[in-house]
Amino acid sequence: MTKDSIKKGLLLLAEPSVIGDVSFSRSVILLADHNDSGSVGFILNKPLDFTVNDLIPDVEASFIVYNGGPVEQDNLYFIHTIPELITDSIEISDGIYWGGDFEVTKQLINSGSVHKDNIRFFLGYSGWTTNQLDEEVEANSWILTKNNFKNQILKTPSIEFWKEKIMELGGEYIIWSNAPENPILN
């Protein structure tokens, strides 16, 4: 895929050569929006060491919170697959939605109507200004790929996600799938 085919709903895979970047090294990002003003995405494979209940005590769930990216890390965001329950959400693509009425969301979680496979929480997001993502794709910092998981992506284990997606690319990428995250430690 080329920079001209960037659109919301795609996955961005960090190029293996992106080393030392705390936020983006070996990241898989779901692109939630891409327009003339810029782009927004959420890192799917960087779980943090706390749960949504740690951040919001009146939410009675131990859903893991993920590092969504380096922008606005003091804000909590979420994506989900249940727009019929969570009102005011925005469709990203293929049955995946961003945000919605948070008070309703808390009530649904506390009543047991929402499960960890339906929703994922993020501290912060990944953001790009106008044309910035296009330039980074052109510079081979990111690999664009389809989200073949569609709305099942929240059920995908995050730990090996980048490695699995890189292996799917085949060719020269296979060698990178087993390389240590920091080659100096090899």
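Reader: Which residue lies over the face of Tyr66, and at what distance from the ring centre?

Author: A charge counts as over a ring if NZ of Lys or CZ of Arg is within 6 Å of the ring centre and within 35 degrees of the ring normal. Here Arg120 lies over the face of Tyr66, 4.3 Å from the ring centre. This is a predicted model, in which local features need pLDDT of at least 70 and side-chain atom pairs count only at pLDDT 80 or more, while totals for chains, interfaces and linings use all residues. Residues are numbered from 1 along each chain as its sequence is written, and side-chain values use heavy atoms, with hydrogens and water left out.

Reader: How many aromatic pairs does the structure hold?

Author: Rings of Phe, Tyr and Trp (its six-membered ring) pair if their centres lie within 6.5 Å; planes under 30 degrees apart are stacked, over 60 edge-to-face, and the rest tilted. The structure holds 12 such pairs. One of them, Phe42 with Trp98, is edge-to-face, at 5.5 Å between centres and 80 degrees between planes. Phe42 sits in strand β3 (residues 38-43) and Trp98 in strand β8 (residues 96-98), 56 residues apart; strands (E, at least two residues) and helices (H or I, at least four) are DSSP runs, numbered from the N terminus.

Reader: Which residues of helix α4 are buried?

Author: Buried means under 20% relative accessible area, exposed over 50%, and partly exposed in between (1.4 Å probe, protein chains only). In α4 (residues 161-169) the buried residues are Phe161, Trp162, Lys165 and Ile166. They fall within an arc of 130 degrees seen down the axis, so they line one face of α4; the arc is that of the directions from the helix axis to the C-beta atoms.
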